[in-house]
Amino acid sequence: MTTTDTPLAMQLDALRVHLAGLDENIVDLQPMPDTGLAHGHIWITRRNGMDWVARLPKQSQMQLDVEANLDFQATCYRRASTSGHTPALHGRLPIDATLPRGGLLVTAIPGRTARLPEDLPGIAKALAAIHRLPLPASTARPPLASAPSPWQAMREEVLAQAGYLDALPPELLDAEARRHIDATLASLDGDSVPAASIDAHRCLISFDAHPGNFLITPRGKAVLVDLEKCRYSHPGFDLAHATLYTSTTWDPASHAVLDPETVVRFYRQWQSRLGADNPLTDDAALLATRRAMWLWSITWCAKWWNLHRRERDALACGEDWSTSLSDPALISHVADRVAHYLSTPIVARVTDEFRYLRHHLVMETT
């Protein structure tokens with residue numbers, strides 16, 4: 001399966017032509033396994049040993065057109081790479097008939113997939129390095145979003161996706177699971193104190209920090225390799241995405257079920273790297289963002305279920321979940337995960353964890 005309507009052989013040929021004029025060190029191009037809904041990847045072996053990866057978009061999860069999507073992602077890599085824990089950007093592939101969505105060239109990271117919980121300290125270190133980056137002046141933040149109220153922006157995203165819950169069949173989302181989800185949705189309008197803290201303090205975040213997006217180098221360094229959703233918001237969204245059940249069991253290669261004590265330890269490791277006096281480390285705000293990130297994930301599941309059967313959209317449309325863009329095995333995996341996460345036992349499991357974290361992450365420190 002290719003990342004566009006162009007046969008893979010033609011994509012590789014087109015890539016060779018573009019790279020020939022860009023770099024004389026190219027030795028070989030090898031397609032990488034199709035593991036993501038938004039990009040295809042090709043490993044580029046270079047004679048000097050400093051390999052690249054070509055990231056070829058299938059769509060834009062930010063609902064951007066082709067040109068804006070490449071600009072946005074290039075900005076994500078340029079800004080996050082100064083942390084030392086993401087790949088560097090090396091170039092941009094042109095948008096043309098052979099690569100109709102263009103692409104980016106980034107540093108290839110030799111390494112293994114994350115193993116949990118043993119790699120959580122490294123992931124905490126990597127995220128802290130990104131979150132410690134200096135906050136640019138508001139005028140220098142575009143094209144990355146920096147909403148006046150990060151909490152309200154997240155609330156609006158969640159509620160927009162929650163509209164897809166009503167269209168799910170009862171065999172996928174039963175009344176008990178829906179009751180748990182609705183109760184957590186109601187919490188978005190709850191305590192104003194965490195919301196005020198979230199809105200007052202922000203930094204660069206990835207907004208896609210699930211463990212499957214990290215590679216661990218031979219020296220044990222965690223590198224966040226997938227950057228396409230960065231924004232200026234609260235880091236609690238990243239910490240949640242790294243440790244929620246819906247994240248740690250998403251990717252088969254990094255699959256793990258974390259106990260609540262391990263989650264608390266991860267948060268404390270991240271907090272220690274930012275410093276206890278850093279306002280970004282407020283426990284109540286971290287718990288509120290965790291609930292919101294789970295709601296975003298579970299309502300995304302509803303959205304995907306409703307949209308993935310549609311015909312492929314026109315190229316100019318940014319967001320496209322149609323199955324024709326990805327390998328059937330990947331689509332089958334996503335469908336399995338979506339059904340699992342919407343099931344009553346798993347929804348109840350996550351909401352029970354929130355009660356534990358409220359006591360052991362927040363109440364014990366107040």
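Select arginine 179 first: with 46% relative accessibility it counts as partly exposed (buried is under 20% relative accessible area, exposed over 50%, partly exposed in between, with a 1.4 Å probe and protein chains only). The model is predicted: local features need pLDDT of at least 70, side-chain atom pairs count only at pLDDT 80 or more, and totals for chains, interfaces and linings use all residues. Residues are numbered from 1 along each chain as its sequence is written, and side-chain values use heavy atoms, without hydrogens and water.

**Salt bridges**

Helices are DSSP runs of H or I with at least four residues, strands are runs of E with at least two, and both are numbered from the N terminus. Glutamate 176 is partly exposed, because its relative accessible area is 35%.

Go next to Arg112, Arg115, Glu118 and Asp119. Salt bridges with shared partners join these residues into one network. Zoom in on glutamate 118 and arginine 115, whose side chains meet at 3.4 Å, N to O. Glutamate 118 is exposed at 52% relative accessible area, while arginine 115 is partly exposed at 41%.

Now select arginine 16 and aspartate 13. The closest N and O atoms of this salt bridge are 3.2 Å apart. Both residues lie in helix H1, residues 8-20, 3 residues apart. Arginine 16 is partly exposed at 40%, and so is aspartate 13 at 43%. The structure holds 18 salt bridges.

**Aromatic pairs**

How many aromatic pairs does a search of the whole structure find? The search finds 8. Rings of Phe, Tyr and Trp (its six-membered ring) pair if their centres lie within 6.5 Å; planes under 30 degrees apart are stacked, over 60 edge-to-face, and the rest tilted.

Show tyrosine 245 and tyrosine 341. Their rings are edge-to-face, 6.2 Å centre to centre, with 85 degrees between the planes. The pair links distant parts of the chain: tyrosine 245 is in helix H8 (245-248) and tyrosine 341 in helix H11 (328-341), 96 residues apart. Both tyrosine 245 and tyrosine 341 are buried.

Tryptophan 250 is in the loop between H8 and helix H9 (260-274), and tryptophan 300 is in helix H10 (283-307). Tryptophan 250 and tryptophan 300 are buried. Keep the selection: ring pairs link Tyr245, Trp250, Trp300 and Tyr341 into a cluster.

**Backbone stops**

Most residues other than glycine have a negative phi, and most peptide bonds are trans. Select leucine 116 and proline 117: the peptide bond between them is cis, with omega near 10 degrees. Proline 117 is in the loop between strand S6 (112-113) and H3. Move to proline 142 and proline 143, where the peptide bond is also cis, with omega near 10 degrees. Proline 143 sits in the loop between H3 and helix H4 (150-162).

Finish at phenylalanine 207. Its phi is positive, near 60 degrees. Phenylalanine 207 lies in the loop between strand S7 (203-205) and strand S8 (214-216). Is phenylalanine 207 buried or exposed? Phenylalanine 207 counts as buried, because its relative accessibility is 1%.

How values were computed
A salt bridge is a side-chain nitrogen of Lys or Arg within 4 Å of a carboxyl oxygen of Asp or Glu.
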